[in-house]
Amino acid sequence: MATQRGVLELEALAAPQPASRQGRGPQFASRMSAMPVSAIREILKVTEHPEIISFAGGLPAPELFPIAAIAQAHADVFADHGPAALQYSTTEGWRPLREWIARRMQDRGIAASADRVLITSGSQQGIDLAGKVFIERGDAVVVENPCYLAALQAFSGYEASLVSIDSDDEGMRVDQLENALSRSNPKLIYIVSEFANPKGTTLSYERRKKLIELSARYGIPILEDNPYSELRYTGVEMPPLAALDKDGLVIHISTFSKTLSPGMRLGWLTASDQIFQMIVVAKQAADLHTSTIEQHAAARLLESFDYDAHVGRLCEIYGERRQAMLSAMESHFPAETKWTQPDGGMFLWVELPQHLSAEELFKEALPERVAFVPGTSFFAGERRLNFMRLNFSNQKPEMIEEGIRRIASVLKRRLR
Ligand SMILES: Cc1ncc(COP(=O)(O)O)c(C=O)c1O
């Protein structure tokens with residue numbers, strides 16, 4: 001069956017490729033063997049069937065994309081600035097958009113100026129560019145365990161040696177960090193400070209302060225990845241690491257993917273001067289600049305559209321979906337399971353009894369027409385089998401209730 005094959009092939013794809021045979025076939029760089037395949041992309045291929053209730057992707061709800069407003073913004077740009085919007089542009093990006101982003105970041109306490117805002121092709125490119133300018137083969141990079149998979153891919157592509165620090169309900173165990181910093185002398189600390197992917201957890205204020213203090217003491221830059229910060233449903237807002245940074249060591253990246261549309265591929269990065277300039281050069285070599293037309297359209301949209309009201313609506317709807325998932329799990333999941341209680345974002349993280357494998361469970365769940373992402377591939381170090389990631393933003397509450405009930409029945413069968 002095609003669906004089963006997709007899952008079983010994951011490990012084969014992730015395995016190092018054989019060395020090239022003489023004169024036959026493409027000879028890939030050795031760095032590619034260190035780059036893990038995205039299990040999520042593979043899983044999405046088998047969960048696309050409309051009958052499957054999928055909690056697998058990290059997808060925003062498409063029915064909430066402001067399609068009419070985005071279409072209007074494009075039409076206005078074509079009418080008023082067609083030639084400029086279709087032309088090559090500067091690497092740093094379209095000035096009005098950079099100004100809007102700088103003001104937004106200033107509102108969160110980040111000392112960003114438009115001159116130091118780089119528009120990137122999604123925040124993923126910010127991760128990749130940071131990797132490109134800092135990591136040489138074998139350099140240590142600190143990551144949270146578990147960690148956003150595509151960041152692990154990006155750093156592995158630069159042949160980093162990943163140093164993983166455990167996490168709990170308050171995010172990275174910063175108390176374990178000092179030891180790792182003095183031992184491994186990393187080039188970079190990567191962290192999703194709010195509503196992390198995959199766990200949904202947020203770094204506590206005390207840990208933020210400690211992390212900034214350690215980064216300054218050891219002179220190690222922090223790559224703060226903050227794609228979900230606008231999507232808070234409960235709890236109180238906390239200053240981003242970039243707002244606490246006095247030493248110019250935090251590189252802050254974010255995105256419009258989670259609030260406007262991931263298809264526009266618009267993200268941004270801000271950093272202190274020296275780091276910023278270096279990353280701009282790296283972006284020139286990567287793609288010259290981010291799509292001019294999309295930057296113009298976003299800037300035009302943000303002039304007229306009530307972005308705050310739109311984000312408020314997203315928070316209301318995603319907040320309901322989060323609550324629907326938590327309540328359904330409370331009602332249906334067996335007592336032996338535990339899960340995180342995210343204050344925002346799109347995911348929560350389930351811990352199964354130690355002897356259960358989420359990959360096995362995934363295979364049993366598919367015939368029940370429900371899907372999730374087994375947690376294994378989010379671990380940089382020792383792969384742990386008994387975790388799964390659930391996305392709550394992409395399904396309506398009634399489907400969430402039904403999907404959770406289906407997962408629960410598979411779980412209960414396994415635990416009998
Ligand atoms: C933690 C994290 N960082 C970065 C990204 C990439 O987002 P984009 O490149 O669409 O801005 C994602 C997307 O899921 C994410 O979860």
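**Salt bridges, ring pairs and the ligand site**

Glu 360 and Lys 363 bring their side chains together in a salt bridge, 3.6 Å from N to O (the term covers a side-chain nitrogen of Lys or Arg within 4 Å of a carboxyl oxygen of Asp or Glu). The model is a predicted one, so local features need pLDDT of at least 70 and side-chain atom pairs count only at pLDDT 80 or more, while totals for chains, interfaces and linings use all residues. Numbering runs from 1 along each chain as its sequence is written, and side-chain values use heavy atoms, with hydrogens and water left out.

Back to that pair: Glu 360 and Lys 363 sit three residues apart in helix H14 (residues 358-365), so about one helical turn separates them. Helices here are DSSP runs (H or I, at least four residues), as are strands (E, at least two), numbered from the N terminus. Glu 360 is partly exposed at 35% relative accessibility, and Lys 363 is partly exposed too, at 21%. The cut-offs are under 20% relative accessible area for buried, over 50% for exposed and partly exposed in between, with a 1.4 Å probe and protein chains only.

Across the whole structure, the search turns up 30 salt bridges. In general, side chains of opposite charge can pair when their charged atoms come close. One of the bridges joins Arg 95 to Glu 99, with the closest N and O atoms 3.2 Å apart. Both residues belong to helix H5 (residues 95-107), four residues apart, or about one turn of the helix. Arg 95 comes out partly exposed at 36%, as does Glu 99 at 33%. Another bridge, Lys 187 to Glu 136, has its closest N and O atoms 3.7 Å apart. This one links distant parts of the chain, 51 residues apart: Lys 187 is in the loop between helix H8 (177-184) and strand S6 (188-192), and Glu 136 in the loop between H6 and strand S3 (140-145). Lys 187 is partly exposed at 27%, whereas Glu 136 counts as exposed at 55%.

Next come the rings, with 13 aromatic pairs in the structure. A pair means Phe, Tyr or Trp rings (for Trp, the six-membered ring) with centres within 6.5 Å; planes under 30 degrees apart are stacked, over 60 edge-to-face, and the rest tilted. Trp 100 and Phe 256 have ring centres 5.8 Å apart and planes at 50 degrees, so they make a tilted pair. Trp 100 is in helix H5 and Phe 256 in the loop between strand S8 (250-255) and strand S9 (267-270), 156 residues apart. Both are buried. For Trp 349 and Phe 378 the centres are 5.9 Å apart and the planes at 85 degrees, so this pair is edge-to-face. Trp 349 is buried at 4%, and so is Phe 378 at 0%. Ring pairs also link Trp 100, Phe 256, Trp 268 and Tyr 307 into a cluster.

As for the ligand, Ser 123, Asp 225, Tyr 228, Thr 255 and Ser 257 come nearest among the 13 residues around it (those with a heavy atom within 4 Å). Helix H6 (residues 122-134) gives the largest share of this shell, three residues. A polar side-chain atom of Tyr 228 lies 2.5 Å from a ligand oxygen, and an N or O atom in the Thr 255 side chain is 2.6 Å from a ligand oxygen.

Conventions
A polar contact is a pair of N or O atoms within 3.5 Å; within protein, one must be able to donate a hydrogen and the other to accept it, and residues adjacent in sequence count only if both atoms are side-chain atoms.
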